[in-house]
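Below are some notes for a colleague who is opening this structure for the first time. They are set out as numbered points, to be read beside the model.

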Amino acid sequence: MSRGYADRNARRYQAYTGIGHQAALQQMKDKAPGSRPISTAQGAQRQLEGLVFEHLKGDVAYFAHPLGIASVLPGPGASTVTLDDSMTRHGHPLVAHAIEGLLPAEVPESVRTEGSEHIGVSGIRVARLSRRALHLTLVGTSASVVLRSAGDTDWATLVGERHSDLSGAGYRPCWNEPTLAEQEREFRTDHADYWRATEDASWLPSGLLRRVGLLHEVSSAYCTRYWATWDEWKFELNHDQDVLPAHDALVEHLTDPKWGMGLRVDKRHCQCDAVWVDPHYDRECRIELAGPQGRPGTLQLRFRSLGTWRDSSSTHADLLRVQADPRWLHRVMPRHQSPSLSKARGRRRGRPDRSAVQ
């Protein structure tokens, strides 16, 4: 393999996963000839990755990277997910937010209501815990997702504090149990159709998690949120004024026959060039993607372009506060370009902007 070809593949791998260039180059060198650049998870590994991605929630607006995920290193039998070292607007660490959404516990009868017998994700277990990482698995399997942090997070202390807080409030943490707890079994029985549907469609969130770097490296949205309803996934990508949604590039990467995940465009509605659209108001392009024929699971991408009536300066300030990359910010919110970045770009006048992946 020529050096130039290897370097191009590494840049592409970096765009899909968000890992550094040298790490991407090493990953490409280690690939067996003829293998897919991004391996596809199977069985329990695929299910665990789907559950982790779903329950990381994607419901907090602004972190250094879209969804608060800096990078993912996918493997056939394990994946490593690196989360931003960021705080929510209310000072809550993202890593604590993730722990609360993922680790299961039984709810005490005193506060239990219908449908809330347990919190967290049924069946997720802590396989190993250290200061630097939280290793998750599914009960009774060898599946593995490793959570790390881009900063100096003490995972062991955070999990210990979560255990103490829940126990003190009468909850029963069960993320160290070797089998399903009673409330976990009841949940799976009472919601068998839902559990089966999400398991059958887990190829979709697993594949998206393994390609989460695209939301930072290819997308031109400054804010990305997502949610799932059974096997239907919806992403909302917000774009600043005068920034065209990169929906063609993002869809091309997701549907690429070699690097993508078998998705195909099912429906498309675009307002980018609609002459009748009033720039004062928001506009939206929607693209719906489906998997191979007969495979459950759909993905809807909503590309929202904000109208001139909105002032996004406070959003830009929020992204600066969580230490988003200034070069990325310049690409997705160029109207708010900082003076220091302007000077840096002036010194490099005439050189192409390489902050976006082509």
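**Notes on the model**

1. His97 counts as buried because its relative accessibility is 13%, and the cut-off for buried is under 20%. The model is a predicted one, and the values here are to be read with that in mind.

2. His97 belongs to helix 4, which covers residues 94–102. Leaving aside residues up to four places away in sequence, His97 is in contact with Leu56, Lys57, Asp59, Val60 and His92.

3. Helix 4 also packs against helix 5, residues 155–168.

4. By type, the residues of the contact are five nonpolar and two charged, with no polar ones.

5. Turning to the strands, an open sheet is formed by five of them, in the order 1-2-7-6-5, with mixed pairing. The edges are taken by strand 1 (69–74) and strand 5 (124–129); each has a single partner strand, so one side of each is left without a neighbour in the sheet. From one strand to the next, the twist averages 25 degrees.

6. At one edge of that sheet, strand 5 pairs with strand 6 (residues 134–138) in the antiparallel sense, over five bridges. Within this pair, Arg128 is placed opposite His135 of strand 6.

7. What packs on the sheet? Helix 3, residues 43–55, does so, and touches strand 1, strand 2 (79–83), strand 5, strand 6 and strand 7 (145–149). The direction of helix 3 makes about 120 degrees with that of strand 6.

8. A further pair of strands is strand 9 (residues 223–229) and strand 10 (residues 232–239), which run antiparallel and are joined by seven bridges. Trp227 stands opposite Lys234 of strand 10. Strand 9 and strand 10 form a hairpin with two residues between the strands, and Trp230 in this hairpin has a positive phi near 60 degrees.

Conventions. Residues are numbered from 1 along each chain as its sequence is written. This is a predicted model: local features need pLDDT of at least 70, side-chain atom pairs count only at pLDDT 80 or more; totals for chains, interfaces and linings use all residues. Side-chain values use heavy atoms; hydrogens and water are left out. Two strands pair if DSSP finds at least two bridges between them. Helices (H or I, at least four residues) and strands (E, at least two) are DSSP runs, numbered from the N terminus. Buried means under 20% relative accessible area, exposed over 50%, partly exposed in between (1.4 Å probe, protein chains only). Contact means heavy atoms within 4.5 Å. Axes are lines fitted to C-alpha atoms, for helices over the stretch in contact, and angles run from 0 to 180 degrees between N-to-C directions. Ala, Val, Leu, Ile, Met, Phe, Trp, Tyr, Cys and Pro count as nonpolar, Asp, Glu, Lys and Arg as charged, and the others, Gly among them, as polar.
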